Amino acid sequence: MKELLEQLVRECAPYTQQGQLANYIPELSKADPRAIGVHIITADGQHSGAGRDQERFTIQSIVKPILLLLALMDNGMEFVRGRVGVEATGKPFDAINSSDQRLDSEHLNPMVNMGAIAMCTLIHGDTYREKFERLLALTRKLAGDESIGVDEAVYLSEQSHGSKNRALAYMLKSHGMLHDNVEDVLDCYFRACSISVTCENLANIGYTLAHQGQIPGSGEQVFPAHFARYVNAILTTCGMYDGSGEFAIRVGVPAKSGVGGGIMAVVPSRMGIGIFAPALDAKGNSVAGTCMLEKLSSHLNLSIF
Ligand code: DON
């Protein structure tokens, strides 16, 4: 497996030149655009890695499935489902332009920013700081790494360049789907996106989603199997944003990308995969990362379709 991963890194490294670093959060543009790494944990618990798989980068949107898991663990499926929808477009089949339609929970999706900001309100805790600490604790547990923390520079950069997310949060508030102080909710969201992880951490999280909630090694059941099914289904339809359809064809497994260059992929009952390559395509997905996953999927016949 290690040789295969090293070959993937070699073959896909040139694709880092086809992407651009995220720059709408200025701190992210300081990353090395040529960085590339991959880490895999197979069903028997074996780890293999290649490239810069131990380097830390911010989790960004890959925190969304963890937020969703914690919201499910705290409230159950029916409650969460009633507040944040699960549809990829949230629009009717004959929609032309729905921008003037009333916004309601059915139009939200936990894998895009507005839905994720709404999910921060569902996490249990007396304060938003406490909600965030519970999210961080779950991330550490799923990643198998108690040393995980927040990248303060990225957090401050998100805070000071967060106008679009503020607009999304105020939209939620104006439509009666957010009742708390907007800045408190956003502080939790910005901190969540700024959690710093490695490819190995992401592979651990992916493994647990691939194995119905059991963490590698101890086999401890962290969340019920039906939550894994719920999250994996949404990752399949929406995890790569408006690139999810193409990703389903090219790779064919549930996955989540982040603008820090990470991708977490879940191969049901088989493996968890963590990827890092921060040069992104126009949709915010890692170019070389998708290249590695596509080649891996075809080598090992991973597609679920
Ligand atoms: O809120 C944002 O825009 C970022 N903190 C996260 C977006 C993101 O990772 C999109 N992923 N490809």
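Reader: Which residues of α9 are buried?

Author: This is a predicted model, in which local features need pLDDT of at least 70, side-chain atom pairs count only at pLDDT 80 or more, and totals for chains, interfaces and linings use all residues. Residues are numbered from 1 along each chain as its sequence is written, and side-chain values use heavy atoms, without hydrogens and water. Buried means under 20% relative accessible area, with exposed over 50% and partly exposed in between (1.4 Å probe, protein chains only); helices (H or I, at least four residues) and strands (E, at least two) are DSSP runs, numbered from the N terminus. The buried residues of α9 are Cys-199, Asn-201, Leu-202, Ala-203, Asn-204, Ile-205, Gly-206, Tyr-207, Thr-208, Leu-209 and Ala-210.

Reader: Which residue in β7 is the bridge partner of Thr-42?

Author: Two strands pair if DSSP finds at least two bridges between them. Strand β1 (residues 37-42) is joined to β7 by six bridges, and the two run antiparallel. In β7, the partner of Thr-42 is Met-271.

Reader: Which residue stands opposite Ile-275 in β7?

Author: Strand β6 (residues 262-267) also runs antiparallel to β7, with six bridges joining them. Opposite Ile-275 stands Ile-263.
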